[in-house]
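Visitor: I would like to go through this structure residue by residue and ask about what I see. Please show it first.

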Amino acid sequence: MQIHEFIEDGLFSPTLVAGALRTTKHEIADTLGLGKDAFFRAARVRAPKTQTRLRQMLEILRRVEEVTGSPLGAYAWFRSEPLPGFGGATPDSLVRRGHGDWVHAYLDQVFAGGYA
């Protein structure tokens, strides 16, 4: 999964992301804590909050795809794996709260051979 594959007209495309993950734009919006119209109104798709959360999700998925074996496996991990040290929060819930950097820090530690 290469991040540039999901850029269309200079923006991350919810349609391309949903297609690659074999899901719907509604599910992606819900996973990222965005409103139902976030991916259906041009102004909302361009909004910094929408683009930031899409970018963070894609960066995290790209990092864990190697471990999970596929983009779909990475997406399942993102949505369901409780992270130690974060009170059982999943990566998607951390991104939803604006803490995608915490997920990256966790992955840095794990990939460096540390325990998280």
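Guide: Contact here means heavy atoms within 4.5 Å. The model is predicted.

Visitor: With that cut-off, which residues is T31 in contact with, leaving aside its neighbours within four places in sequence?

Guide: T31 belongs to helix α2, residues 25–31. Once its neighbours within four places in sequence are left aside, the contacts of T31 are Y75, F78, R79, D92 and R96.

Visitor: Does T31 count as buried or exposed?

Guide: Buried means under 20% relative accessible area. The relative accessibility of T31 is 2%, so T31 counts as buried.

Visitor: Where is A38, and which residues is A38 in contact with beyond its neighbours within four places in sequence?

Guide: A38 sits in the loop between α2 and α3, the latter being residues 42–46. Leaving aside neighbours within four places in sequence, A38 is in contact with R44, V45 and T50.

Visitor: What is the relative accessibility of A38, and what separates its C-alpha atom from that of I28?

Guide: A38 counts as buried because its relative accessibility is 0%. I28 and A38 are 10 residues apart along the chain, and their C-alpha atoms are separated by 9.9 Å.

Visitor: Which backbone atom lies 2.9 Å from a polar atom of the side chain of Q51?

Guide: Q51 lies in helix α4. Not counting residues up to four places away in sequence, Q51 touches L11, F12, V45 and R46. From a polar atom of the Q51 side chain, 2.9 Å away, lies the backbone oxygen of V45.

Visitor: Is Q51 buried or exposed, and how far apart in space are Q51 and G35?

Guide: With 11% relative accessibility, Q51 counts as buried, since the cut-off for buried is under 20%. Q51 and G35 are 16 residues apart in sequence, and C-alpha to C-alpha they are 13 Å apart in space.

Visitor: What lies 3.2 Å from a polar atom of the side chain of S13?

Guide: S13 is in the loop between β2 (11–12) and α1 (14–20). Its relative accessibility is 6%, so S13 counts as buried. At 3.2 Å from a polar atom of the S13 side chain is the backbone nitrogen of L16.

Visitor: Which residues is S13 in contact with, leaving aside its neighbours within four places in sequence, and how far apart in space are S13 and P71?

Guide: Leaving aside neighbours within four places in sequence, S13 is in contact with F6 and E8. S13 and P71 are 58 residues apart in sequence, and from C-alpha to C-alpha they are 16 Å apart in space.

Visitor: At what angle do helix α4 and helix α7 pack, and how far apart are their axes?

Guide: Helix α4 spans residues 48–68 and helix α7 spans residues 100–111. They pack at about 20°, with axes 10 Å apart. Angles under 35 degrees count as roughly parallel, which means that α4 is roughly parallel to α7.

Visitor: Which residues of α4 and α7 make the contact, and how many are there by class?

Guide: α4 passes α7 in a left-handed crossing. From α4 the contact uses Q56, E59, I60, R63, V64 and V67, and from α7 it uses G100, V103, H104, L107, D108 and F111. By class, the contact of α4 with α7 has 6 nonpolar, 3 polar and 3 charged residues.

Visitor: What is phi of D9, and is D9 buried or exposed?

Guide: D9 is in the loop between β1 (7–8) and β2. Phi of D9 is near 55°, which is a positive value in a residue other than glycine. The relative accessible area of D9 is 76%, over the 50% cut-off, so D9 is exposed.

Visitor: What is phi of R22, and where is R22 found?

Guide: At 70% relative accessibility, R22 counts as exposed. R22 is found in the loop between α1 and α2. Its phi is a positive value in a residue other than glycine, near 55°.

Definitions and conventions
Residues numbered from 1 in each chain as written. Predicted model: local features only at pLDDT ≥ 70, side-chain atom pairs only at ≥ 80, totals over all residues. Heavy atoms only, no water. Axes fitted to C-alpha atoms, helices over the stretch in contact; angles between N-to-C directions. Helix = DSSP H or I, 4+ residues; strand = E, 2+ residues; numbered from the N terminus. Parallel < 35°, antiparallel > 145°, perpendicular 65-115°, else oblique. Left-handed = near helix turned anticlockwise from the far one by under 90°. Nonpolar A, V, L, I, M, F, W, Y, C, P; charged D, E, K, R; others polar. Buried < 20%, exposed > 50% of the residue type's maximum accessible area, 1.4 Å probe, protein only. Polar contact = N/O pair within 3.5 Å; in protein donor to acceptor, adjacent residues only side chain to side chain.
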